[in-house]
Amino acid sequence: MTEARPGGAASASLWERDAELAAITEAVDALRDDASPSEPGSLLVFSGEAGIGKTALLAEARRIAEKSGCTVWSARGGETVTSVPFNVVRQLLQPALVSLMPTEAREYLGDWYDIAGPALGITAPGDRQADPQGVYDGLVVAVSRLAKREWPLVLLVDDAHWADQETLHWLAAFCERLGELRVLVVVAHRPGEATGESGRHLDTITAAARRPVSTLSVLTPEATAGLTRATVGEHADAPFCREVWAVTGGNPYETVELLAKVQDSQLAPVEDSAAELRALNRSARGNGLVARLESLGIEATRFAWAAAILGSGITVDLVARLATLRPDEARRCAELLSAARILTESDPASRQTDDGELEFVHPLIASAVYRSIPDGLRTAMHGIAAQVVTDSGLGAAAASRHLLEVHPDDDEELVEQMRQAAREHLAVGAPEAARRCLERALVEPPLPEIHPHVLYELGCATLLTSPATTIDYLQAALAMPGLEGDERVDAVHRLSQALLHNDQLDEAVRTIDAEAARLPEGPARMRLRAVHHMWEGIHAAEEESPARSRELAELARTCTGKDNSERALLILRGFDAMTHGENAEEVVELCDRALVNGRLAPGLGWTDSEWGIELLLMLGNAYAYTDRLDRAESLFTEGLRAYESAGWSGGHLALAHAYVGLGHRRRGRLVEAETSLRSSLRIAERVGRGLPLHWSATCGLVDTLLARGHIEEAWSVAEQYGFAPPYPSTITLPDNHSVRGRLLLAVGRTEEGVNELEAAEKASAGRGHNTVVAPWAGDLARALAADDPCRAAGLVALTRRQAELFGTDTAIGEALRLAADLETGQRAVALYARAVTFLEASPCAYEHAVARVEYGIAARSTEDLERGLTLARSCGADGLTARAEAALVHG
């Protein structure tokens, strides 16, 4: 486009935006296309410097979409409100949700209402810290469901570089799912402005666009001339138009503002007047804008300053209180600033429920006004703004963004306000905002008796997001006097958890032991001793295992289960006995004593923070490997439902899916196991590699794929997710060495497989082991049978002894099957027959299917082969199914 004027409805800033407008029109048409209901959603990203016309382009996108019958929701980031969590996503969603009756909103959001609702400001938060990932997932679901109600839906996000971190995190997750949703998202931002986590999320958003990011360019001299003549008259001569372009550099915003001033000053658009353009342009920005503002009078200047301090939610009443103006003075100032094109009334059509009556004409003006406030006065006004916001009943969290700007002054009240704001932020799933508030409280600083409590709260705020940061804060809190009693024990436990999840298990145990040593005998010390044994019980290095097991057995012997510390010790002793292959009936008896009427005791629930998830996973695994799969599955399913209901979508949910998958795997439901484990691994990838939960998901999935006979896929998963030594310092179930060794044997890397299995053998030297949990001996015996039959026979004998000691049908049946695999003739047939008898009585259908097929082949029994085939198909064991079918075909 050169000097041809845009359509009458288009903004002057849309000159030379043909390609961008065409992309928007095409995307809207595709969204509206009823002939392609399966067409995925799309994302358009526009980038450019300040004043380049991004806002005008998004306004035109709104006009195009609404003219086509689309629902349009819009929001804008703000330079002074980047610290307000979920600010921009609230702007987007609140109008639609508030327009619904509460029952309708609950119906649309379902279980996510109480999870995402507090972040959106449509319902009060719960009484516990929200899981941030759960909130983001809930927000994705919220928009997904509302999109179906409001289709065709267009989301516009302007100034995304100034959006809050929480909104950008959500938007990144949402844009990655646009392939499943028919929504058009249009994002505009300045390049290079967002940094840190916000910058990474914005990069994720732009990477999700199927079209390249459109970088807006400045106006050409020809377009500037056309715009000039369209604005001030066709008689504007060429030298004058060229000077307009030279003065503004082709920046659309500056061009429009300059031409408005040309009109206001009645400057003749001819060459003789061109020299005055630079002075006029200076008045539109920077110091010139400030001078123009000051020319309106001190009251109008104070009003503009107060509006810039508020940043959002600008109402005449709030500004009047902040600027200490009478209501009539404030209204007069608003009119003056509107006439001067500094402030304008916000558009009622796009105004959000908590927006104010006024907004700055352009973000550049808002920034210039804010920066023009003298530093000391700006700080003081933020302090007053915090009080005004608090007095208005908007809460500590709303006031906290102003308090973040106030200079430290030993203010006890500010410390308490920031602690309260942090609690409110945590309750809606914004731990980073809580961290900022508590770190600001530390700078004040708090009184000595309060200081360790603030540090402790900081550690709790970062526990779900940053174990390393948690460690620093909690160690500092515990080094100070002030934390006593149960709160100190809680802090020590949380510190040890953070150390554990940071792969510092030895340090976690030392921390617990040091605190326990300073406590007298009693419930607190008993709790820490239980935690000590919990961490050591999941330690993969077992050099002192026999001594630890004896100490734990001695402690558990006196426990009746009267409180949660004793119940924890009973669970720990049961898990320890299970992993070492002690009598299964005794394991079950210990675990049952830890329950109250067959249920988890109060305070030991899946979302209770006092003990954590590790203890309950130990309990579930103890049941799973002692053939009490009904109890294990009930526990794991309860955990999964608890985390989904609470909106916990991070590591806890990953582990819950992993162990629901373990239950399916043990039961022989291999397809369901694979589904659960893939869900676990998908979440674990999001949380981060190298953590124990990632190993559990990966190992479980590889084990399940091997059982299904999908060997190439199992190898691909292992390669993709790094399933190879070195392994984590914590125990993962199933056993890493055993599964990795079996995988290597399956792909023909026999020597490496034998080495891996021998590493498992070495790790269990000198103590018993559960042959079902860590079945390395059986696979090693099979691998060595041809070359070292004596050693293989010794491993078979060891497996049978351990299985008899443990005493479950599964363990004994598998040991007999191993013995049969290394025999021939009638001896093999007899052993397979006994194995089938035991495994038929066990709950493990896959192991029964394998034994039944092998017995059918050895005994040449068509009946047993057909029964094995039926079992294999029901399990989803494709490899075993093919083997049985082949055996039946060949007689």
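Searching the whole of this predicted model turns up seven aromatic pairs. One of them brings together tryptophan 606 and tyrosine 643, whose ring centres sit 6.1 Å apart with 80° between the planes, an edge-to-face arrangement. The two partners come from distant parts of the chain, 37 residues apart. Tryptophan 606 belongs to the loop between α29 (584-593) and α30 (613-624), while tyrosine 643 is part of helix α31, which covers residues 629-646.

Tryptophan 695 is found in helix α34 (residues 692-708), and tyrosine 727 in the loop between α35 (711-720) and α36 (736-746), so the contact ties together parts that are 32 residues apart in sequence. As for burial, the threshold is under 20% relative accessible area. Tryptophan 695 comes in at 10% and therefore counts as buried; tyrosine 727, at 18%, counts as buried too.

Arginine 378 lies over the face of tyrosine 370, 5.3 Å from the ring centre. Likewise, arginine 527 places its charged end over the ring of tryptophan 611, at 5.7 Å from the centre of that ring.

Turning to the strands, five of them make up an open sheet with parallel pairing, and reading across it gives the order β2-β3-β4-β1-β5. The edges are taken by β2 (71-76) and β5 (214-215); each has a single partner strand, so one side of each is left without a neighbour in the sheet. Helix α2, spanning residues 54-67, packs on this sheet and touches β1, β2, β3 (153-158) and β4. Its direction makes about 170° with that of β3.

Within the sheet, strand β1 (residues 42-47) runs parallel to strand β4 (residues 183-189), and six bridges join the two. In general, strands of a sheet pair through backbone hydrogen bonds, in either a parallel or an antiparallel fashion. For a handy point of reference along this pairing, leucine 43 stands opposite valine 185 of β4.

Terms used
Residues numbered from 1 in each chain as written. Predicted model: local features only at pLDDT ≥ 70, side-chain atom pairs only at ≥ 80, totals over all residues. Heavy atoms only, no water. Pairing = 2+ DSSP bridges. Helix = DSSP H or I, 4+ residues; strand = E, 2+ residues; numbered from the N terminus. Contact = heavy atoms within 4.5 Å. Axes fitted to C-alpha atoms, helices over the stretch in contact; angles between N-to-C directions. Phe/Tyr/Trp six-rings, centres within 6.5 Å; stacked < 30°, edge-to-face > 60°. Buried < 20%, exposed > 50% of the residue type's maximum accessible area, 1.4 Å probe, protein only. Lys NZ or Arg CZ within 6 Å of the ring centre and 35° of its normal.
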